[in-house]
Amino acid sequence: MNKKTLIINGSPNKDGNTAFIINQIKNKLQGEIEELFAYSANIKPCIDCRYCWKEDGCVVKDDMEKIYKDDYDTIIIASPVYMSNLTPPLFSILTRLNMIWSNKHFLNKTHKVKPKQGILVLTGGGNGEPTHAIDMAKLMFKYLNAKFDIEKNYIYSLNTDNIPAKNDEKLREMLGGEWMK
């Protein structure tokens with residue numbers, strides 16, 4: 001069986017530290033890989049129209065369908081840390097996952113989201129804590145039914161103002177470790 005990985009890249013910079021880590025991970029992955037660039041994808045935030053309170057699914061049809069399709073075995077959320085959070089396009093994706101909760105709460109409709117592996121990649125140059133970014137990613141993983149273990153599936157380089165990810169020794173250790181289990 002061919003495994004599929006969906007990478008949601010939340011960085012606006014296609015050649016930066018986040019991209020460097022994603023490329024290192026891609027070299028280790030087997031199977032089909034699809035990368036969704038959140039900044040250039042057509043994914044609107046939730047518009048609070050409440051369609052999902054009365055009907056199955058979301059009224060907004062855009063690139064979010066790639067995520068809703070749920071045909072992947074591994075999902076990687078990759079983002080620079082902005083103000084201790086994931087980037088704004090990733091927050092838009094999170095707001096659209098509210099449809100899953102709303103369908104269950106208002107319609108008693110449970111979406112059968114297949115189990116998958118979740119991997120979080122964070123980069124950051126400043127001295128802010130990534131706690132909010134991690135919490136936001138955990139919520140995304142929850143709605144996408146992705147198993148996420150912060151001890152094994154969290155890859156980061158958080159001092160990139162001083163040490164670029166490509167020179168980060170701790171990152172090199174993480175990429176050689178047990179991050180895919």
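Which residues have the most contacts inside the largest nonpolar core? Let me set the ground rules, then answer that.

So, this is a predicted model, where local features need pLDDT of at least 70, side-chain atom pairs count only at pLDDT 80 or more, and totals for chains, interfaces and linings use all residues. Residues are numbered from 1 along each chain as its sequence is written, and side-chain values use heavy atoms, with hydrogens and water left out.

Okay, the core. The residues with the most contacts inside it are Ile67, Leu86, Ile93, Leu97 and Leu120, and the core has 36 residues. By nonpolar core I mean a set of buried Ala, Val, Leu, Ile, Met, Phe, Trp, Tyr and Cys residues joined through side-chain atoms within 4.5 Å. Buried is under 20% relative accessible area, exposed is over 50%, and partly exposed is in between, with a 1.4 Å probe and protein chains only.

Who supplies it? At least two residues each come from strand S1 (4–9), helix H3 (65–68), strand S3 (74–80), H4, helix H5 (98–107), strand S4 (116–123) and H6. Those labels are DSSP runs numbered from the N terminus: helices are H or I with at least four residues, strands are E with at least two. H6 gives the most, seven residues. Apart from this core there's another one, of 13 residues, including Ile21, Ile76, Val121 and Ile155.

Take isoleucine 93: leaving out residues up to four places away in sequence, it touches Ile8, Ala38, Ile43, Met64, Ile67 and Met140. Contact here means heavy atoms within 4.5 Å.

Now the helix pair. The axes of H4 (residues 88–96) and H6 (residues 131–143) come within 10 Å and cross at roughly 35 degrees. Those axes are lines fitted to C-alpha atoms, for helices over the stretch in contact, with angles from 0 to 180 degrees between N-to-C directions. On the H4 side the contact is made by Leu90, Phe91, Ile93 and Leu94, and on the H6 side by Met136, Leu139 and Met140.

Cysteine 49 is partly exposed, at 42% relative accessible area, whereas cysteine 58 is buried, at 13%.
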